[in-house]
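Dear colleague,

Please find below the structure that I am handing over to you. My notes on what was found in it follow.

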Amino acid sequence: MRITADTNVLVRAAVMDEPAQSRLAAAALLEADAVAVTLPALCEFLWVLTRGYKSKAAEVAAAMRKLAESERVLVDRPALEAGLSVLERGGDFADGVIAFEGRRAGGRIFTSFDRAAVELIGATGGETRLLSE
């Protein structure tokens, strides 16, 4: 069986805070021949764990890397690494993913009003443009 894991399944398996749902989530992930983990699910996973569960970004990054290491997990690894690169520099995972996906789609310059995001994307080698008044 090949599944796509929703964010709530990933969170329950990672946090193990709801016994019945956590068991079901872990079993679904372990029983699957392949588990597709989408970029939106990873963005939500990070947000839920850092905001809702007050986990440290570094801990969540380590969990995301561990998840991606599984041969059964299907994830866009280059986009994941781009997001983690920005996250590990103190920025937003989603900004790294957005910049990466944009370049891949043909948008050469990451453009934002967010000065910190522009600086971090620039530090990872991307071309950037800060919009300002």
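What pattern does the protein chain follow when read along the sequence? The pattern is β-α-α-β-α-α-β-α-α-β-α-β. The protein chain has seven helices and five strands; helices (H or I, at least four residues) and strands (E, at least two) are DSSP runs, numbered from the N terminus. Taken along the principal axes, the C-alpha atoms fill a box of roughly 50 × 30 × 20 Å.

Please note that this is a predicted model, in which local features need pLDDT of at least 70, side-chain atom pairs count only at pLDDT 80 or more, and totals for chains, interfaces and linings use all residues. Residues are numbered from 1 along each chain as its sequence is written, and side-chain values use heavy atoms, with hydrogens and water left out.

Helix packing

Two packed helices are described by the angle between their axes and the distance between the axes. Axes are lines fitted to C-alpha atoms, for helices over the stretch in contact, and angles run from 0 to 180 degrees between N-to-C directions.

Helix 1 and helix 2 pack with their axes 8 Å apart, at an angle of about 105 degrees. Helix 1 is therefore roughly perpendicular to helix 2 (angles under 35 degrees count as roughly parallel, over 145 as roughly antiparallel, 65 to 115 as roughly perpendicular and the rest as oblique). In the contact (heavy atoms within 4.5 Å), Val9, Arg12 and Ala13 of helix 1 meet Gln21, Ser22, Ala25, Ala26 and Leu29 of helix 2. These residues divide into five nonpolar, two polar and one charged; Ala, Val, Leu, Ile, Met, Phe, Trp, Tyr, Cys and Pro count as nonpolar, Asp, Glu, Lys and Arg as charged, and the others, Gly among them, as polar.

The axes of helix 5 (residues 77-87) and helix 6 (residues 93-105) come within 7 Å and cross at roughly 135 degrees. Helix 5 is therefore oblique to helix 6. The residues of this contact include Pro78 and Leu80 of helix 5, and Phe93 and Phe100 of helix 6. The contact of helix 5 with helix 6 comprises ten nonpolar, two polar and two charged residues.

Yours sincerely
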